[in-house]
Every structure is written in structure tokens, then in C-alpha cells.
2 protein chains.
Amino acid sequence: MADTPILKIADKVPEPTLRRLPWYLSNAKLMRERGEKYVSSTQISRQINIDASQVAKDLSYVKIAGRTRVGYEIDALIKVLEDFLGFTNMHKAYLFGVGSLGGALLRDTGLQHFGLEIVGAFDINPQLVGQEINGIPIYHSDEFEEKMKAGDVNIGVLTVPINIAQEITDKMVAGGIKAVWNFTPFRIRVPENIVVQNTSLYAHLAVMFNRLNFNQE
Amino acid sequence: MADTPILKIADKVPEPTLRRLPWYLSNAKLMRERGEKYVSSTQISRQINIDASQVAKDLSYVKIAGRTRVGYEIDALIKVLEDFLGFTNMHKAYLFGVGSLGGALLRDTGLQHFGLEIVGAFDINPQLVGQEINGIPIYHSDEFEEKMKAGDVNIGVLTVPINIAQEITDKMVAGGIKAVWNFTPFRIRVPENIVVQNTSLYAHLAVMFNRLNFNQE
């Protein structure tokens, strides 16, 4: 245990904090729109209904100093939060599987404002290969290894059918992808050094339906 | 505390369980495709790398009995899971805000296979109002209350800009919406009896970027 890399562990921000920080960011943007110049963690706390000490603790991960009584300067807070969350740095990604959801994500220009640029997509459907959606070229899946040689893409967005989810993941990882954004309801397995972010819209639907039925009983 | 509705509380399935059940479902579908007839919790456990006792515990919430040694009948397991998760029951929803992400969700036909039917959308953009996307009509936001009188919609999908997220949520709730699927990075506030499911793609991006940077350091 003596050689545990303490500094690296300190850099690993807890996931709940990372999920709350975008709330503070959107709140700060809203206040700037209203003409405010400063915001305190107490104000943020009141507006989004999260304990003030939690807000202050979360914000302690980002390197910004508040001033006594006035709080954080809003412009600076927005800038620091956007940088910290990785939204100002463009991260290039490939998307795998241009079905209904994959096509929808290619059309969502909002992702770019949060640091994700999908620079290409892969599919095997001859009606899609060679086409573009929203200016993003669709290549044949066999071209993936060749395309990866450019070396500037390290994120893969997974929107394939579940029966090939693992196979495509393995291909991605072999090709050099370091993070998989998994939109399938399939639990993919990856080597330890590969990041997986699961975003299953269907799992979220299941939670919502259950709570709705529960409330209506 | 004497009149706590114990049975209702028992019906409230823990969120982690609800998030894992779709994994078991997709795994069972995959095994059916491969020609299997039975699956045990041990098999599921091995395939998706979740502790077998956890799988068995999660599956104890859905009313299905496994048989000693052979496990669960796959067809029955799929049927019961789909019913339990609400995917076989069509839930009608309205979508609010036909921007980039909202438009993308209207085009995602996959949601229908998981029990969500978006039957209409609202916006104020004159170039959108009166149009259809994927067969789904776009109405002016002012028409919402009138449309709600049909009485068969109780879910609202929120994809508006953050500066009107709270205002539109309040309108939805006043109109009779019982569950809000919030795709905005804004933390909305609702009365206690209203269900909120947050699905912030941007928060998920933030987590992924942070983990990726951490691994690359």
C-alpha cells in the first residue's frame, strides 16, 4: 500500500460531485443572464435545493476562491466550472451503430457545446455507408482501424444492437479507444484501464415508470 | 409512524435494482437468440460480471420462480421482466422544446420499444409549430393545456433551454403531468408527488472526461 499514488487518487473527483457540478454551472449561467455579478454557495444552495455545505464541498474540488460575503464572481465560476468539467476542451469521438438512437445523437449539436465532437460514425448498412448526417461522415465498420491511425480520437459512442455490443466494444478497445459511452442496455466488459460511462435511456425509463406507478397506486 | 403504508413501500423497488434489471433482460434476450431455453442467476452473474447473490436478490422483486439446477425459463423471464419494467405497457408523453436534443429524441423510435410513446411536442418557434417530426405533431406551447384535456398523457419530456426549464416544468405540473423526464442540466423543483428522472447527457460527459483524464495522467 506504500506506493499508492495518492495524488492521482486525490484527482479522481467523486461521481456524485461530478454529477452535481453541471447543476451549479447551469445555475450560474442563469444568474449571469439575469445580470448578477456574484453568487454565494448559500444562494446556489437555496435555488437548487442542495445543502449549502455540500455545494461548498463540491466547489472545493474546482480551484476557485470565493470572497467573504459576496461569494464567487459569476464569470470566473462559469469559466472554471466549464474548464474543470471538460466542456471547453473538444474531445473527439467516433459513433458505432447509426440506428435510430445513433442517428439521433449525430443530429444533436448540443453535445459540441459540452466538449464532445463526433467526427465520424461506423455502420455496415450499405444505405448508410458513404452518407453524412449533420455533416458527420458514415464509414463502413471495416474502415475503423484505418481511421484510428490518425490518432486523435479516443472516445467511442456505442449505439449498436445488444447482440453485437460486446463484439464492437472489443474492436473499439483493440483499435485504441480509451473511453466507451455506452447507450445500449447491455453491460459491456472492458479491460481495467478503459473508462465506461453507461447512459441507458431505457433503464431511466424503467425507474420513471416504476415511480409513476408507485405514486398512482 | 403507525399508519405508514408498508405495502406501498415494499412495492418501491430500489433504484440500483431497477437500473440492473434491464441488463438481465438484454442478457436473456441475447441467450434466447443463441437458442438457449433456460438461464440461471449464476450464468447471468458470470456473463455480466455481477455477484450471483445480487442477481438472485434483484430477480426476487419480479415474480418469477426459477427451477433447481436449470434456472429460469428464458421466454418467461423476458416476458416478466419486460412487464415489470413497464416496457410492454405504452406510456404516453409530451415533449417540451424541439431543439437539437428534443428533435433527436422525437426521431428515436427505440423509445417505443421500451414503453414510451411521445404523442406530441410543444415549442414556440413558428418554423416548427404545425410541422411533424417522425409523425409526431409539434404544437404551439400555448396549446398545451387544451391538449391535456384528452387526459391520456401523464409524462413530460423536458428538453428546453435552461433559462425556461423551471417555468415549463411548473406549467407541465399545473397541466396535470405526473412525471418529468428532465434532459436539461438544470435541477428542476417539483411538488413531492411528482416524479423526476434526470438524464443529463452533459453530466455523464463530465464524468467520462474526468475519468479519461485521470487514466491518462
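How many helices and strands does the secondary structure of chain A come to? In this predicted model, the answer is 10 helices and nine strands. The C-alpha trace of chain A spans about 60 × 55 × 40 Å along its principal axes. Chain A has 217 residues, and buried residues make up 49% of them. Its accessible surface is about 10500 Å², with 49% belonging to carbon and sulfur atoms. Among contacts in chain A with a separation of 6 or more, 56% are accounted for by residues 24 or more positions apart.

The interface between the two chains was examined next. On each side the contact set is given by a count: 72 residues of chain A and 72 residues of chain B. The two chains bury about 7000 Å² between them, and 65% of this area is on carbon and sulfur atoms. Polar contacts across the interface amount to 24 residue pairs, with both residues at pLDDT 80 or more. The side of chain A that touches chain B receives two or more residues from each of several elements, including helix H1 (6–11), helix H2 (15–33), helix H3 (41–48), helix H6 (100–107), strand S8 (179–182) and strand S9 (195–198) of chain A. H10(A) gives the most to this side, with 15 residues. By class, the side of chain A that touches chain B has 37 nonpolar, 20 polar and 15 charged residues.

Leaving aside neighbours within four places in sequence, B:Ala104 is in contact with A:Ala104 and A:Asp108. B:Ala104 has a relative accessible area of 4% and is therefore buried, the limit being under 20%. Within chain B, the C-alpha atoms of B:Ala104 and B:Ile133 are separated by 9.4 Å, the two residues being 29 apart along the chain.

In helix H3 of chain A, A:Ser45 is also buried, at 12% relative accessibility. The side chain of A:Ser45 reaches the backbone oxygen of A:Ile50 at 2.7 Å. Not counting residues up to four places away in sequence, A:Ser45 touches A:Ile50, A:Asp51, A:Ala52 and A:Val55.

Over all chains the count of salt bridges comes to 14. One of these joins A:Asp83 to A:Lys79, with the closest N and O atoms 2.6 Å apart. Both residues lie in helix H5 (residues 74–85) of chain A, four residues apart, which is about one turn of the helix. A:Asp83 is partly exposed, with a relative accessible area of 36%.

Two further salt bridges lie in chain B. In the pair of B:Arg20 and B:Asp58, the closest N and O atoms are 2.6 Å apart. B:Arg20 belongs to helix H2 (residues 15–33) and B:Asp58 to helix H4 (residues 52–60) of chain B, so this pair ties together parts that are 38 residues apart in sequence. Both ends are buried: B:Arg20 is at 17% relative accessibility and B:Asp58 at 1%. The salt bridge of B:Asp75 with B:Arg32 has its closest N and O atoms 3.5 Å apart. B:Asp75 lies in helix H5 (residues 74–85) and B:Arg32 in helix H2 of chain B, so parts 43 residues apart in sequence are tied together. B:Asp75 counts as partly exposed at 45% relative accessibility, and B:Arg32 is partly exposed with a relative accessible area of 39%.

Methods:
Residues numbered from 1 in each chain as written. Chains lettered and ligands numbered in written order. Predicted model: local features only at pLDDT ≥ 70, side-chain atom pairs only at ≥ 80, totals over all residues. Heavy atoms only, no water. Contact = heavy atoms within 4.5 Å. Buried area = accessible area lost by both parts, 1.4 Å probe. Polar contact = N/O pair within 3.5 Å; in protein donor to acceptor, adjacent residues only side chain to side chain. Nonpolar A, V, L, I, M, F, W, Y, C, P; charged D, E, K, R; others polar. Buried < 20%, exposed > 50% of the residue type's maximum accessible area, 1.4 Å probe, protein only. Areas by Shrake-Rupley, 256 points an atom, 1.4 Å probe, with all protein chains shown as cover. Salt bridge = Lys/Arg side-chain N within 4 Å of Asp/Glu carboxyl O.
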